Amino acid sequence: MTNLDTSAWSDVRVESRVEGGHRNEVWTGMSRVGRVAIRRSRRSTDSLAWELELLTALNANGFLVPAPLLTDDGRSSADGIVVQRWIDGTPPRGASDWELVATELHRLHTCFTANRQRPGCKTITELNRSSRSVDADMSTLPDDAATDVLAVFATMSQVAISVVHGDPGPSNLRITADGRVGLLDWDESRVDVVHLDLANLGIQVLRQDEHQRAVRCADAWEAANAWTAEPSYARQRLAHLRPTPPAT
């Protein structure tokens, strides 16, 4: 049994908890439209509303995303609970699949350059020693870590800014039987530098110098974003920014 309250959707039946992940609670379920994903969001009301509005706009522009199902009285969420359409498919398996992903991310970055920022977020180039964005609270980092992270962020000042997915790893991607790209889990989406979406794909899509900067930027972002929730992982990513000491 679960304390997940889906009574606002009278036709939804909760099935089982989806294992994995550190920051989101997700269950599978069934409804009149078929299989669904049911998520309990940790975001504020305004932040979640921004995400769900984005998903609606993405769906309208032909992106394959987990569109929210409305409650019986027409809301897209209820007390932080969201019910979304399930997307079948498999994670990217090879270069051709990753090329499809890169193309779809490029389309995202081209179509959504004028969106307002997600409430509570900033671009990485706007962050300072005391600011926050998504789960990154720069004030919680030690001085040396914050200095390293902010120095890397400063190198991104000339990179294009748009809506970014925020976490386009294999677990959040589905390649459908007909070759479409499904983009799952928009919990970390926001307006930010587009290279954050392009640094760690299964293929290199940027010029070598840009790619190297993007990888460092992704390491810096992951270190800051995970510092409180996943400290061991955050320190691993931070270590990538620092030169390896010579062997003695």
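Leaving aside neighbours within four places in sequence, Gln84 is in contact (heavy atoms within 4.5 Å) with Val36, Ala37, Arg39, Leu55, Pro66, Ala67, Pro68 and Leu69. A word on the source: this is a predicted model, where local features need pLDDT of at least 70, side-chain atom pairs count only at pLDDT 80 or more, and totals for chains, interfaces and linings use all residues. Residues are numbered from 1 along each chain as its sequence is written, and side-chain values use heavy atoms, with hydrogens and water left out.

Back to Gln84. Gln84 sits in strand S4, residues 81-85; strands are DSSP runs of E, at least two residues, and helices are runs of H or I, at least four, numbered from the N terminus. Is Gln84 buried or exposed? Gln84 is buried, because its relative accessible area is 6% and buried means under 20%, exposed over 50%, partly exposed in between, with a 1.4 Å probe and protein chains only. The Gln84 side chain also reaches the backbone oxygen of Pro66, at 2.9 Å.

Next, the pocket. What classes of residue line the largest pocket? The lining has 18 nonpolar, 10 polar and 13 charged residues. Here Ala, Val, Leu, Ile, Met, Phe, Trp, Tyr, Cys and Pro count as nonpolar, Asp, Glu, Lys and Arg as charged, and the others, Gly among them, as polar.

Last, Val26. Val26 is in strand S2, residues 25-31. Val26 is partly exposed, at 21% relative accessibility. Again leaving aside neighbours within four places, Val26 is in contact with Ser16, Arg17, Val18, Ala37, Ile38 and Arg39. Thr125 is 99 residues from Val26 in sequence, and 32 Å away, C-alpha to C-alpha.

Methods: Polar contact = N/O pair within 3.5 Å; in protein donor to acceptor, adjacent residues only side chain to side chain.
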